Amino acid sequence: MPAIVVLGAQWGDEGKGKATDLLATSQPIDYVVRTSGGHNAGHTIVVNGEKYATHLLPSGILTPGATSVIANGVVVSPEALFRELDGLIERGVDVAELVVSSNAHVIASYHSTIDKVSERFLGKNQIGTTGRGIGPAYGDKVNRVGIRVADLFDEKILREKIEAALEVRNQVLSKVYNRRTVDVDAVVEELLAYTERLRPMVADTSLLLNKALDDGKTVLFEGAQATMLDVDHGTYPFVTSSNPVAGGVCVGAGIGPTRIDRVIGVIKAYSTRVGSGPFPTELFDQDGIDLQRIGGEIGVSTGRTRRCGWYDAVVARYAARVNGLTEFFLTKLDVLDTWERIPVCVAYEIDGVRHDEMPMTQTEFHHAKPVYEYFEGWNEDISGCRSFEDLPKNAQVYVRALEEISGAPFWAVGVGPGREQTVVVTPR
């Protein structure tokens with residue numbers, strides 16, 4: 001049985017939860033795995049007319065019979081984890097099959113404190129983080145002063161690690177940011193309070209997932225954030241602190257690359273971005289306002305309004321190349337129902353030179369101007385379509401045109417928020 005990766009092919013918020021949910025209902029899924037990021041992510045899934053939002057948890061937590069896994073590449077806030085679990089339990093969702101990696105790093109309250117004050121300190125040069133401690137937790141991980149989930153079960157080691165981390169952090173807080181220092185005892189007490197509830201969930205998830213694949217189980221690896229937010233391959237420095245590309249799945253889950261069978265890139269029929277950073281097709285006119293309004297472009301985790309723009313085929317081709325995509329899942333096609341003419345960015349113009357591929361430098365990308373081709377709209381409600389042939393002719397033309405210029409075949413198209421509002425694309 002396959003190992004399937006679902007990841008974002010733009011700047012996030014593409015509808016990865018819908019793709020994951022569709023896969024889980026079209027075939028038996030045994031495990032759904034988060035491999036990077038923290039509770040700065042957000043997936044929205046509509047099941048039987050009810051809307052659910054997941055942040056730290058894999059969206060597979062809503063799939064009966066599937067085991068949800070938070071793997072070693074994720075940074076885990078115990079407070080956020082249990083708050084999210086309790087919210088689902090109150091709504092009658094069974095969360096008993098959740099497993100958390102013993103090697104996942106922990107977000108403590110001081111990580112969030114550092115995140116917020118450092119963003120304020122940067123002023124106009126802010127990255128646009130969520131302020132939830134993700135970056136500082138990954139920073140501690142790389143600096144080898146991080147706390148891992150397994151450390152919560154050994155108070156002596158936990159205290160030693162917190163002391164080591166705060167030795168520098170407290171100097172920065174007091175002498176650079178003029179803030180109060182963090183008390184070691186308070187942090188130890190804070191984290192130990194979660195151990196009793198957390199302990200039954202913790203396992204060696206790399207071993208668990210490799211055994212599952214050996215046994216022919218189907219494992220779905222669910223991406224957080226997206227390609228253009230990858231710390232290596234995104235619009236650095238306006239990126240997240242992890243590797244949400246396909247290669248990061250292997251590192252973040254402890255599986256080898258030869259295990260993966262499908263890599264599905266989720267991409268909107270237009271583009272959005274939250275936070276700071278370059279965005280070549282961004283709109284500042286009524287079209288941008290209408291995309292935001294019709295598409296409901298408000299961040300699931302942050303509540304921030306998303307910046308909106310037209311579809312960017314340069315980004316799509318880049319995502320296809322960097323991730324080795326086997327296919328795309330195009331979402332929110334229905335948002336474009338009322339446009340008479342729809343622009344698509346097919347290349348960039350930089351200082352008078354056309355670029356069909358991603359510019360090499362940050363400076364070039366900041367100066368990139370979209371080169372548009374235009375497609376006729378369909379001016380028709382497509383939310384009831386259930387086959388590709390049901391789509392209006394102009395909608396079919398638009399989808400096929402995007403497929404032709406995006407670097408990988410299209411697997412399916414979303415025509416509404418509901419699980420059933422999906423059209424499988426007829427192969428050429």
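1. Two strands pair if DSSP finds at least two bridges between them. Helices (H or I, at least four residues) and strands (E, at least two) are DSSP runs, numbered from the N terminus. In this structure, strand E1 (residues 3–8) and strand E11 (residues 262–268) run parallel and are joined by five bridges. One of the residues involved is Ile4, whose bridge partner in E11 is Arg262.

2. A word on the origin of the coordinates. This is a predicted model, in which local features need pLDDT of at least 70 and side-chain atom pairs count only at pLDDT 80 or more, while totals for chains, interfaces and linings use all residues. Residues are numbered from 1 along each chain as its sequence is written, and side-chain values use heavy atoms, with hydrogens and water left out.

3. The protein has 13 helices and 20 strands. Its radius of gyration (taken over C-alpha atoms) is 22 Å, close to the 22 Å that the globule rule (2.2 Å times the number of residues to the power 0.38) gives for 428 residues, so the protein is as compact as a globular protein of that length. The C-alpha trace spans about 65 × 50 × 40 Å along its principal axes.

4. Of the 428 residues, 58% are buried; buried means under 20% relative accessible area, exposed over 50%, and partly exposed in between (1.4 Å probe, protein chains only). Contact means heavy atoms within 4.5 Å. Among contacts between residues at least 6 apart in sequence, 75% join residues at least 24 apart.

5. An open sheet is formed by 10 strands in the order E9-E7-E5-E2-E10-E1-E11-E15-E19-E20, and its pairing is mixed. Strand E9 (202–203) and strand E20 (422–424) stand at the edges with a single partner strand each, so one side of each has no neighbour in the sheet.

6. What covers strand E5? In a regular strand the side chains alternate between the two faces of the sheet. For E5 (residues 67–70), both faces are covered: Thr67 and Val69 are buried on one side, Ser68 and Ile70 on the other. E5 pairs with strand E2 (residues 31–34) in the parallel sense over four bridges, and Tyr31 stands opposite Thr67. Three bridges join E5 to strand E7 (residues 98–101), also in parallel, with Ser68 opposite Leu98.

7. Rings of Phe, Tyr and Trp (its six-membered ring) pair if their centres lie within 6.5 Å; planes under 30 degrees apart count as stacked, over 60 as edge-to-face and the rest as tilted. The count comes to nine aromatic pairs. One of them is Trp310 with Trp339, edge-to-face at 5.9 Å centre to centre and 85° between the planes. This pair links distant parts of the chain, 29 residues apart: Trp310 is in the loop between strands E13 (307–309) and E14 (311–312), and Trp339 in the loop between strands E15 (327–331) and E16 (341–350). Trp310 is buried at 3% relative accessible area, and Trp339 is buried at 8%.

8. The rings of Phe375 and Tyr398 have centres 6.0 Å apart and planes at 80°, so this pair is edge-to-face. Phe375 lies in strand E18 (residues 369–376) and Tyr398 in helix H13 (residues 393–406), 23 residues apart. Both are buried, Phe375 at 13% and Tyr398 at 1%. Ring pairs link Phe375, Trp378 and Tyr398 into a cluster.

9. A charge sits over a ring if NZ of Lys or CZ of Arg is within 6 Å of the ring centre and within 35 degrees of the ring normal. Arg262 has its charged end over the ring of Trp411, 5.3 Å from the centre. The charged end of Arg341 sits over the ring of Tyr374, 4.0 Å from its centre.
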